[in-house]
Amino acid sequence: MPVTVVVGAQWGDEGKAKIIDLLSKEHSHVVRYQGGHNAGHTVVVGGERYALQLIPSGVLYDHVVPVIANGVVVDLPTLFDEIDALETRGHSCERLVVSSRAHLIFPWHQAHDAIAEAMRGDDKIGTTLKGIGPAYADKARRVGLRVGDVVDESTFAVNVRARAEAEDGELRAKGGERLDVDAIVDRFVELGRRVAPYVADTVSFLHEALERGEHLLLEGAQATFLDLDHGTYPYVTSSNPIAGGASVGTGIGPREIGRVVGITKAYTTRVGSGPFPTELLDDDGDRLVDVGKEFGTVTGRRRRAGWLDCVMLRHAVRLNSLSELALTKLDVLDGFDEIEVCTSYELEGVPVRGYPDRVDVLARVTPVYETVAGWSGPLGDVRAPDALPDGARHLLDLVQREVGVDVGVVGVGADRDDYFHWSAAT
Ligand code: GDP
Ligand code: IMO
Ligand code: MG
């Protein structure tokens, strides 16, 4: 089948970009299908680190056409910062294609995001403050401006001004600062001029590639448990990262998708608020953060960390039709005496079936753990399964048994080449 989807199986930052970079070798197009510059996707090549927010993670290969599809919300200043930074480092973005149907983010979306978070006080979501939720809200209430609108410059200028004036009133009513409407109009007309050459009907563009027999890789941002419908609502993002979102966000029907790769760390992290049953608030948690360098790529925030949760992964298999898992950061567990893996939840002593549908229930479950013996030696140089210590083997076998799908690629370091294939799946 010509289309592969890569989706985060936890709460984000699983190492999706590293696996997408790896899979890019076999694909002609790498396509972002949702989210925006709330994503931070890191690829490390020979010690050189690339942190991508909007540009698809396949961009570092010359044969890949990077595509920002209709489901993405596009912040033009960030897009051009990224293009400029990549081009300065010798990676041309000339091939980039941006969907005319993708919605634009404007400064008022960021202002609304900040006000909404401040108003929630202790109940804040902990958003990235990039304006993602307000931009998707405008899309849903059908007042958003789209990338394709830039092509008719004079109408675009009129529409940006009308929206900016309306939003200025709303923001000030909520105690926000005044928008500099003239400056915003000038800036976005200029950015619109600059993005125009990249704009296309990506639905036709991608289907024409499929008709030529080319292979597409659809890149999820965020993750299954941040999904607006299926995540830990309201502590979620405002789009649908799950594999079904890849169809909506690209216009490629579900029957074209042959492979869905779920990415998980060997443990779990989460940024922002919301329940986290296997969270570790002790030295083991600090160790995962320190060794795993668990600080946000976009916001620099310290990520919360805990043990691997197979209840989540089983639910991710259901929600995404996962064909396989790729498991990253196994090396971060080097040197633990014992490693815990959550295999089920209990609520007041009673086993919980499936994944709780309410956050207040999820916040009260007790994880049931299976203990795996740790290993001492560093895994960083392992390039074949037979070089693995017993503890690491047991961990991978346990995950496959509990989750019910094969683990294909296993990551043992941040660099592009730091991986091996565990099962025959990949
Ligand atoms: P994404 O948002 O899912 O693409 O993940 P991020 O880039 O936000 O975070 C993953 C972090 O882990 C990045 O700093 C990666 O360079 C790093 N990383 C990815 N895979 C591995 C791995 O197998 N081992 C180690 N130690 N680091 C990894
Ligand atoms: P990648 O693609 C981890 C989290 C935020 C917050 C919630 C809502 O790098 O895995 P938003 O700004 O989207 O409205 O914030 O979602 N969040 C992420 N957490 N990785 C991400 O992206 C995230 N994108 C958003 O921290 O809890
Ligand atoms: Mg990330």
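User: Is Ser-321 buried or exposed?

Analyst: This is a predicted model, so every value here is computed from predicted coordinates. Burial is read from relative accessible area: under 20% is buried, over 50% is exposed. Ser-321 has 56% relative accessibility, so it counts as exposed.

User: Where does Ser-321 lie?

Analyst: Ser-321 sits in the loop between helix H10 (310-320) and strand E15 (324-328). Its backbone deserves a look too. Ser-321 is not a glycine, but its phi is positive, near 50 degrees.

User: Now the whole chain. How many helices and strands does it have?

Analyst: There are 12 helices and 20 strands. The radius of gyration is 22 Å, close to the 22 Å that the globule rule gives for 426 residues, so the chain is as compact as a globular protein of that length. Along its principal axes, the C-alpha trace spans about 65 × 50 × 40 Å.

User: What share of the residues is buried?

Analyst: Of the 426 residues, 56% count as buried. The accessible surface of the chain comes to about 17200 Å², and carbon and sulfur atoms hold 49% of it.

User: Which residues coordinate the magnesium ion, ligand 3?

Analyst: To read a metal site, list the donor atoms, then find their places in the chain. Here Asp-13 (OD) and Gly-40 (O) coordinate the magnesium ion, at 2.0 to 2.2 Å. Asp-13 lies in the loop between strand E1 (3-8) and helix H1 (16-23), and Gly-40 in the loop between strand E2 (29-32) and strand E3 (41-45), so the pair ties together parts that are 27 residues apart in sequence. Asp-13 is partly exposed, with a relative accessible area of 22%. Gly-40 is buried, at 13%.

User: Where is Gln-10, and what does it touch?

Analyst: Gln-10 is in the loop between E1 and H1. Its relative accessibility is 1%, so Gln-10 counts as buried. Set aside neighbours within four places in sequence. The contacts of Gln-10 then include Ala-223, Phe-225, Ile-263, Tyr-267, Leu-308 and Met-312. Phe-205 makes a contrast in distance: it is 195 residues from Gln-10 along the chain, with 31 Å between the C-alpha atoms.

User: Is Cys-342 buried or exposed?

Analyst: Cys-342 is buried, with a relative accessible area of 0%. This residue lies in strand E16. Beyond its neighbours within four places in sequence, Cys-342 contacts residues including Thr-278, Leu-308, Val-311, Pro-367 and Tyr-369. Met-312 is 30 residues from Cys-342 in sequence, and 9.3 Å away in space, C-alpha to C-alpha.

User: Which residues of helix H4 (residues 132-140) are buried?

Analyst: In a helix, pick out the buried residues, then ask what covers them. In H4, Ile-132, Pro-134, Ala-135, Tyr-136 and Asp-138 are buried. Their cover includes strand E6 (73-74), strand E8 (103-104), helix H3 (107-120) and helix H5 (153-173). Just after H4, Arg-142 takes a positive phi of about 60 degrees.

User: Which residues does a cis peptide bond join?

Analyst: Read the omega angle. Tyr-233 and Pro-234 are joined by a cis peptide bond, with omega about 5 degrees. Pro-234 is in the loop between strand E10 (216-219) and helix H8 (243-248).

Technical notes:
Residues are numbered from 1 along each chain as its sequence is written. Chains are lettered from A and ligands numbered from 1 in the order in which they are written. This is a predicted model: local features need pLDDT of at least 70, side-chain atom pairs count only at pLDDT 80 or more; totals for chains, interfaces and linings use all residues. Side-chain values use heavy atoms; hydrogens and water are left out. Helices (H or I, at least four residues) and strands (E, at least two) are DSSP runs, numbered from the N terminus. The radius of gyration is taken over C-alpha atoms; the globule rule is 2.2 Å times the number of residues to the power 0.38. Buried means under 20% relative accessible area, exposed over 50%, partly exposed in between (1.4 Å probe, protein chains only). Accessible areas come from the Shrake-Rupley method with a 1.4 Å probe; for residues, only the protein chains shown count as cover. Donors are N, O and S atoms within 2.8 Å of the metal (3.2 Å for Na, K and Ca); water is not among the atoms, so sites may look incomplete. Contact means heavy atoms within 4.5 Å.
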